[in-house]
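Subject: Structure handover and findings

Hello,

Here is the structure you will be working with.

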There are 2 protein chains.
Amino acid sequence: MPNLPPLSMPFNPAGIALDRRQGLSRQLYQALRLRVLDGRLASGTRLPASRDLASALGISRNSVVRAYDQLYAEGFIEGRVGDGTYVAQLAQASTPEKKLSTNSSTGLPTALSTNWLDLPVNSSSKVIHSGGFSRIEKHHLPRPPSGPPRAFRVGVPAFDLFPFEVWAKLNAAFWRKPDLQQLCYGDPAGDARLRGMIAAYLRSSRGMQCTAEQIVITSGAQQGISLCAQLLVEPGDGVAIENPGYRAAGHAFAVAGAKLHGVAVDSDGIDCSAMAQLSDCRVAYVTPSHQYPTGVVMSLARRLELLAWAERVGGWIVEDDYDGEYRYTGAPLAPLAALDRQGRVLYVGTFGKVAFPALRLGYLVLPPALVDAFAQRRAVDVRHSEVSTQAVMAEFMAAGHFQRHIRRMRRAALSRRNCLLEGWPTVAGVGQLPAVSAGLHLTVAVDSIAREQQLIAQAADVDVEINGLSSYWLPDSTTPMDQRAGLVLGFAAVPEPAIKAALSRLRQAWRD
Amino acid sequence: MPNLPPLSMPFNPAGIALDRRQGLSRQLYQALRLRVLDGRLASGTRLPASRDLASALGISRNSVVRAYDQLYAEGFIEGRVGDGTYVAQLAQASTPEKKLSTNSSTGLPTALSTNWLDLPVNSSSKVIHSGGFSRIEKHHLPRPPSGPPRAFRVGVPAFDLFPFEVWAKLNAAFWRKPDLQQLCYGDPAGDARLRGMIAAYLRSSRGMQCTAEQIVITSGAQQGISLCAQLLVEPGDGVAIENPGYRAAGHAFAVAGAKLHGVAVDSDGIDCSAMAQLSDCRVAYVTPSHQYPTGVVMSLARRLELLAWAERVGGWIVEDDYDGEYRYTGAPLAPLAALDRQGRVLYVGTFGKVAFPALRLGYLVLPPALVDAFAQRRAVDVRHSEVSTQAVMAEFMAAGHFQRHIRRMRRAALSRRNCLLEGWPTVAGVGQLPAVSAGLHLTVAVDSIAREQQLIAQAADVDVEINGLSSYWLPDSTTPMDQRAGLVLGFAAVPEPAIKAALSRLRQAWRD
């Protein structure tokens, strides 16, 4: 073995007392983590080499290496090749140890079905050989409505305001002088420049301490969710999803073989006490910024509770921040991914709600330990995303168009929201419109399913598109049918005059 | 114990046999060093985390860490923060220990093997929960070489000839006056106009009696293959693939849980009599137009035999026609999809070999009964492909650019092929170049693996890229090692002067 040069001891380990009867690396990890969090180990402090610290503490180097690995994985320390290990720059928000209450709740039984209204559970989407021919089991994803945008389509931003002229110029510029190297096979994790731009954007706009290396470019949020499902779920595993919730996410998990557990959403977000009862469940899919479709913003207490759940069960949280750019009142809460100190959160982002849906460009922000597995899987699935969309978006961001456009889109969505709130009629059987502090849609309760369906049909008759809240529930929900009724209204898809005209037609249709 | 991050096992340590009576870390160091020197561990290969390798070999992590330290100190490996440890780029001059062995295996689980040389079989790519934490099993898809195109890169067409100015104009035109309806969510099967154009093209150029409704647009051929794998294969099902063959297809089937059966390829194509012996196998993946990588064109008799097999077992044939546009002599044979009368063939097509790889645009032609299942699965995976690439390609085809470009590309590939054939040196241990009637590459036999590796290393020294045929075989092949040796040469990637210059350098390098 080579004799390694002696290294310095840049901090005093004297205060670290380890109990030899217990796991030494765990204790060391905790002692160092505490010192980072309370500032005794300041950001930028160089840590001793593992062999030196082991020698100083009289423990095996192995224990030190494991403790360092854990701290590294959690972002408390960082290393530079040939230059040792340093205490990382941390946001000073620590993670309180939240105690979970243990309310009673039963795991929801699940049904197997292939109706488009009935989410198939725990069966994969396959063309299966059966006898001499085949039968097809499949998942019918409810297709988003097609046709030109109209009031009150859900999930569509004010993309009539997108600077298409700028986008056209950037596209033409890319194609006129392409770098031939870029046109060969690329990195399955995505365009390096775009990954850097996204990381910088999330650091400044969301307070996420992420690096470009943690970003994996996807073909929209749906591919991000689907990748999480494929990589985190074994057939038969339980997965907690919000109920009501985003059905296309449920489909992606079901296709991966998940047993879906619909978990209720209260005014703080997903019910973590109900999740604690799900013994087979170590993956949760949530929309904390603006719950889809109810619009609830997950409270900080609930966010911390959810993170504590993931830590306790050794699980993963898929955080879908599909419309997090749209916040109208108050300071936005930190995403789970920014609060996460355990590398338990997989963050799903998309450009579809800022630019337009058909762009199919999104990204994942992953715990560093997961990046390689996701990139590899993506390579097997699709190699990588189309090159020009990524390069053009990177340039769009670098030139400042993206930030300007977000501000423009936020103003437009706010104005269209106000237009809907001001012109909304009082209708029998329909509750009061909620305050809308975020997102691109709102949900209002209706007395019964029958009334919900009637209102939607009357609206459709006058060319107004309204989604029924009842269609966002899992088919096996225990919530009484009439309590599932409501109207989901997207307010950003069309300009104010079209909103006003639609409201006028609605008032007429609903008066009859 | 802290929960340690799940890590990869990017190469197969199966051949590493350690004698427990002697210093383990020294032996490991020597074994790894030998593999780096003789090329089994190629530059850029990611090494497993020390804990994973220790666990795989049944030795202490300390021993692995010491071996890694030594290799690091000597420059054989290098680390990147947050990105693991990699085999370093070595000057290929010093190659003292050149012998390749066919060591016996220590019986490590196949699932752990993820080396680019060793195809993992029958295990899915998952982040799996194990106890309180997780481990990652994954498939390392060999990444296609990056950097600017050079002689004799495989899989790259003459895309320096692509009419980028036309493409730029069509892109700009699309974006300047976008149809807002097109920018909402679209059909998961793809742009209707493009599907029609592709069907018309295949009817006229390939004699396929297909309709637009049978076409599903994909993000390149890889996604087409991957979709077939996901939808046709149940975990544990046998899948017949050509051996040697296209490894990335094998990976896609393995990720879907397939048990891969490598089937020999003779001068007529895949050996159907061997397939008849595979009782668990009802899916076959083949490249009939130009077998990848051997270049064999499947005979008509063999095509019919293969179709009869599929009909008999009630199975499916995935026909990858990756470079079917390139045919230089004689009339092209009808694709299996054109001969199929039973709806048993799924045809995989791509624009990557006519335009350029990073376009990521391809398609499936499916038996009508399968279209809906594939479109639905695609919707769950990704919703649909990016809109402008599809619309621009449709316009490119409608305006006649596509057909003109194919003719240009075929002429260019033929001229570049001739340039290679004419200038190819006579080299000891290398067989005669074959007649090349199709495709973008050729394969020539070499006497032994050692000679193959030597020639490739010498070529690399003079900046010439050559793939070894040995890397296209499944790891469990029964064909003797030396019979797997050969050189795979892509001839289309660079223009004639660059080919001539590369041949001149090769003659010099191989003479010494």
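Touching, or contact, means heavy atoms within 4.5 Å. Arg378(A) sits in helix 11 of chain A, residues 368-382. Helices (H or I, at least four residues) and strands (E, at least two) are DSSP runs, numbered from the N terminus.

Arg378(A) is buried yet has no salt bridge. The nearest side chain of opposite charge is that of Asp381(A), 6.9 Å away. Buried means under 20% relative accessible area, exposed means over 50%, and partly exposed lies in between (1.4 Å probe, protein chains only). A salt bridge needs a side-chain nitrogen of Lys or Arg within 4 Å of a carboxyl oxygen of Asp or Glu. Lys and Arg count as positive, Asp and Glu as negative; His and the chain ends are not counted.

Some ground rules. This is a predicted model: local features need pLDDT of at least 70, side-chain atom pairs count only at pLDDT 80 or more, and totals for chains, interfaces and linings use all residues. Residues are numbered from 1 along each chain as its sequence is written, chains are lettered from A and ligands numbered from 1 in the order in which they are written, and side-chain values use heavy atoms, with hydrogens and water left out.

Chain A overall

Chain A has 15 helices and 16 strands. Of its 512 residues, 60% are buried. Take the contacts in chain A with a separation of 6 or more: 72% of them link residues 24 or more positions apart. The accessible surface of chain A comes to about 18900 Å², and carbon and sulfur atoms own 51% of that. Areas come from the Shrake-Rupley method with a 1.4 Å probe; for residues, only the protein chains shown count as cover.

More residues in chain A

Arg383(A) lies in the loop between helix 11 and helix 12 (387-398) of chain A. Its relative accessibility is 8%, so Arg383(A) counts as buried.

Gly224(A) belongs to helix 6 of chain A, residues 220-232. Buried or exposed? Gly224(A) is buried, because its relative accessibility is 0%. Leaving out residues up to four places away in sequence, Gly224(A) touches Thr218(A) and Leu364(A).

The peptide bond from Asn243(A) to Pro244(A) is cis, with omega near 5°. Pro244(A) lies in the loop between strand 7 (238-243) and helix 7 (247-255) of chain A.

Chain B: the eight-stranded sheet

Chain B has an open sheet of eight strands in the order 6-13-12-11-10-7-8-9, with mixed pairing. Strand 6 (215-218) and strand 9 stand at the edges, each with a single partner strand, so one side of each has no neighbour in the sheet. Two strands pair if DSSP finds at least two bridges between them.

Strand 7 (residues 238-243) of chain B runs parallel to strand 8 (residues 259-266), with six bridges. Asn243(B) has Ala264(B) as its bridge partner in strand 8. On to strand 10 (residues 281-286): strand 7 of chain B joins it in parallel through four bridges. There, Val239(B) is partnered by Val283(B).

Strand 7, helix 7 (residues 247-255) and strand 8 of chain B make a right-handed β-α-β unit. Right-handed means that, with the strands pointing away from the viewer, the path from the first strand over the helix to the second runs clockwise. In chain B, the peptide bond from Asn243(B) to Pro244(B) is cis, with omega near 5°. Pro244(B) lies in the loop between strand 7 and helix 7 of chain B.

Strand 8 and strand 9 (residues 269-270) of chain B pair antiparallel over two bridges. They form a hairpin with two residues between them. Asp266(B) stands opposite Gly269(B) in strand 9.
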